[in-house]
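Q: Please take a close look at the inside of this model, going residue by residue. Which parts touch which?

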Amino acid sequence: VDYLNTRKRLYVVDGWGGWEEDYRVPVRVITSRAYHALFMQNMLVPPTAAEQADFEAGKVKPFVIFNAGVFPANRQTSGMTSSTSVAVSFKRREMVILGTQYAGEMKKGVFTIMNYLMPL
């Protein structure tokens, strides 16, 4: 997250993972790469104007994806074997992506969240 705080421009995309209102997951993507934002704008279901207002007012608690893929993970961290890291916290409703510029990591992350939260 510190890396994102040093960027001159960030891109934020709000949307829903899934169409069904009873099961869809609110998602906010924060990234420093325009093409990552465009990719997720295409992948997520866009919110209506009223839903967007709820996102901005904090009435909706989205999963937040912090994509800092340009910044590598610290390989000196205990248990870390790569400069790439994709970490999800269901308790904090956050995902952090480091060390990979592959946009599909965000999509796979949303699918992982949906699969975990949806009923069987």
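A: A polar contact is a pair of N or O atoms within 3.5 Å; within protein, one must be able to donate a hydrogen and the other to accept it, and residues adjacent in sequence count only if both atoms are side-chain atoms. This is a predicted model, where local features need pLDDT of at least 70 and side-chain atom pairs pLDDT 80 or more, while totals for chains, interfaces and linings use all residues. Numbering runs from 1 along each chain as its sequence is written, and side-chain values use heavy atoms, without hydrogens or water.

Start with Arg-24. The side chains of Arg-24 and Glu-51 are joined by a polar contact of 2.5 Å. Arg-24 sits in the loop between β1 (11–17) and β2; helices (H or I, at least four residues) and strands (E, at least two) are DSSP runs, numbered from the N terminus. Arg-24 counts as buried because its relative accessibility is 16%; buried means under 20% relative accessible area, exposed over 50%, partly exposed in between (1.4 Å probe, protein chains only). Contact means heavy atoms within 4.5 Å. Beyond its neighbours within four places in sequence, Arg-24 is in contact with Trp-16, Gly-17, Gly-18, Trp-19 and Glu-51.

Now the nonpolar interior. A nonpolar core is a set of buried Ala, Val, Leu, Ile, Met, Phe, Trp, Tyr and Cys residues joined through side-chain atoms within 4.5 Å. The largest one has 16 residues. Val-27, Val-29, Leu-44, Ile-65, Met-106 and Val-110 have the most contacts inside it. At least two residues each come from β2 (25–31), α2 (34–43), β3 (63–68), β5 (94–98) and α4 (104–117). The most come from α4, which gives four.

Take Val-27 by itself. Outside the four places on either side in sequence, Val-27 is in contact with Val-13, Asp-14, Gly-15, Gly-17 and Leu-44, as well as Phe-55, Pro-62, Phe-63, Ile-65 and Val-110. A separate core has eight residues, including Leu-4, Phe-66, Ala-73 and Leu-98.

Leu-4 belongs to helix α1 (residues 2–5). Leu-4 counts as buried because its relative accessibility is 3%. Not counting residues up to four places away, Leu-4 touches Leu-10, Ile-30, Thr-31, Ser-32, Phe-66, Asn-67 and Ala-68. Gly-109 is 105 residues from Leu-4 in sequence, and their C-alpha atoms are 19 Å apart in space.

Ser-85 counts as buried because its relative accessibility is 16%. With residues up to four places away left out, Ser-85 touches Ala-73, Met-80, Val-96, Ile-97 and Leu-98. Ala-73 and Leu-98 are among the residues of the eight-residue core. Between the C-alpha atoms of Ser-85 and Thr-100, 15 residues apart along the chain, the separation is 7.9 Å.

Finish with helix α2, which holds His-36. His-36 counts as buried because its relative accessibility is 0%. Its side chain makes a polar contact of 3.3 Å with the side chain of Tyr-35. Residues up to four places away aside, His-36 touches Thr-31, Asn-67, Gln-101, Tyr-102, Ala-103 and Met-106. His-36 is also part of the meeting of two helices: with Phe-39, Met-40 and Met-43, also in α2, His-36 faces Gly-104, Met-106, Lys-107 and Val-110 in α4. Met-106 and Val-110 are among the residues with the most contacts inside the largest core.
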